[in-house]
Amino acid sequence: MRMGTKKRTFFGGVTTLALILALTLLSACGANDSNETAGSAGKSSEAPASGNAELDKKIRIGYQKYASINILKVRGGLEEKLAEIGYKVEWTEFPGGPQLLEAVNVGSIDFGNVGEAPPIFAQAAGTPLVYLGHSPASPKAEAILVPENSPIKTGADLKGKKVALNKGSNVHYLLVKYLEREGLKYSDIEVVFLPPADARAAFESGSVDAWVIWEPFYSAAQLATKARVLSDGEGLVSNYEFYLSTRKFYENDKAALDVLLEQLQQSDAWAKDNQSELADLLAPALGLDVPSLEQALSHRSFGVEPITDDIAEAQQKIADVFYDLKLIPDKIDIREAIVE
C-alpha cells in the first residue's frame, strides 16, 4: 500500500514515477505567439556536436522563456554531458505549456517543461507522456493583473468582465480558484483565450479588463505598464513546474534523461544562489530587462524533486475541477498514468 509521502527517485537510472499525458483542446493557441500549427510549434535550434562525430542519438528539448530548462540552456554544459553518452541536443522554444504539448503530440519533442494544468488537458485528449519530476511550489510566480487605473478593485468587480489567459495553462487553474474564493462562478466572466504576446497587446489596448499570466511576462508587463496585481497564487495554487518526457523516450533513453535531470538540478542550485548574475545572463537571451527578470526570479522556487503520491493526488484534484467545469470532456484518473 502506497503512503502519501513516499518518494520515487529518478536520478542515476532509478525508477521514475510517471504520468501519461495527452494533448489538450488547444487549437486556439498557436505554436508561437501567433496562430501556427503544432508542427511549427516554436523556434528550433540544434546544439553543436562538440566535435564528437559519433553522436548518433538525439534528444529534442522543448522549453519556455525563463523556466529552469531555459536557465540550463543559457548557462550551457548540457550538450557536453550528453555528448559523453552519444546524444546531441535540439532545442525548441514555446510561448507556453499547451503549445509545447502540441509539439509532443505530433512527435517533435522528447522532453519539456510545463505547469500543472497543461498535463491535465493533455491526458484528457490522449497523448502518451510521463512525468519525470517537478519544481517546488511557486505560487507568487503567476498573477491576475488589471490596468493601473482600472475600476476593478476586488474579485466581485470582475463580474461580466473580459479576462485574458493562455488556454490550458497553469493560470487557467489560478483563475478558477480565485473566482471560487471570491464567490464568483466561472460563467460570471468572459474568458478570452490568447497566448502571452497577444494577451499583453489586448491588455494594454483595453480590449480585455484583466490578464492572468505567469513569469516573466507578469513582471515585465507589471513594471512596464504599472499594472496592479489583483491577486497572485499565494493561498490559492501551488504552481508547480513539471518535467515531462514521451513514454517512448522514457522507455528507451533513460540514460539521457538521467543526465538531463542531474544537470537541471545542478543548474537550479546555482540559480538559487546567484539570482542577480542569472538576471544579467538571461536578459539578452530572453530580450527582457534586468529589473523585470530580478523581480520574476524573486517570485519562483528552484530545484528538481521526484513525483510523490501527494503530487499525483493534487493533480487529480485539478483534473476533477476541470471536468466539473466542462473544461475537459471526460473524467480522468491520474493514477492510470503512473508507472512504478
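Residues are numbered from 1 along each chain as its sequence is written, and side-chain values use heavy atoms, with hydrogens and water left out. Local features need pLDDT of at least 70 in this predicted model, side-chain atom pairs count only at pLDDT 80 or more, and totals for chains, interfaces and linings use all residues.

A cavity is a set of points, on a 1 Å grid over the protein atoms alone, where a 1.4 Å probe fits but cannot get out. Grid points are joined across faces, edges and corners, and a volume is the space filled by probe spheres set on the points. The structure holds three cavities of 30 Å³ or more. Helices (H or I, at least four residues) and strands (E, at least two) are DSSP runs, numbered from the N terminus. E4 gives the largest share, three residues. By type, the lining of the largest cavity has eight nonpolar, ten polar and five charged residues. Here Ala, Val, Leu, Ile, Met, Phe, Trp, Tyr, Cys and Pro count as nonpolar, Asp, Glu, Lys and Arg as charged, and the others, Gly among them, as polar.

The backbone was considered next. Most residues other than glycine have a negative phi, and most peptide bonds are trans. Glu215 and Pro216 are joined by a cis peptide bond, with omega about 5 degrees. Pro216 lies in the loop between strand E9 (210-214) and helix H7 (217-225). Asn239 is not a glycine, yet its phi is positive, near 60 degrees. Asn239 sits in the loop between strand E10 (228-232) and strand E11 (241-246). Asn239 is buried, at 10% relative accessibility. Buried means under 20% relative accessible area, exposed over 50%, and partly exposed in between (1.4 Å probe, protein chains only). Lys326 also has a positive phi near 60 degrees. Lys326 is found in the segment after helix H12 (309-324). At 73% relative accessibility, Lys326 is exposed.

Ring contacts complete the description. A pair of aromatic rings is described by the distance of the centres and the angle of the planes. Rings of Phe, Tyr and Trp (its six-membered ring) pair if their centres lie within 6.5 Å; planes under 30 degrees apart count as stacked, over 60 as edge-to-face and the rest as tilted. The count comes to seven aromatic pairs. Tyr131 and Phe242 form an edge-to-face pair, 4.7 Å centre to centre, with 80 degrees between the planes. Tyr131 lies in strand E5 (residues 129-134) and Phe242 in strand E11, so this pair ties together parts that are 111 residues apart in sequence. Tyr131 is buried, at 2% relative accessible area. Phe242 is buried too, at 0%. Tyr240 and Phe242 form a tilted pair, 6.2 Å centre to centre, with 55 degrees between the planes. Tyr240 is buried, at 17% relative accessibility. Ring pairs also link Phe121, Tyr173 and Phe322 into a cluster.

Note on methods: On a 1 Å grid over the protein atoms alone, a cavity is a set of points where a 1.4 Å probe fits but cannot get out, and a pocket is an open set with protein on both sides within 12 Å along at least five of seven lines; lining residues have an atom within 4 Å of a point.
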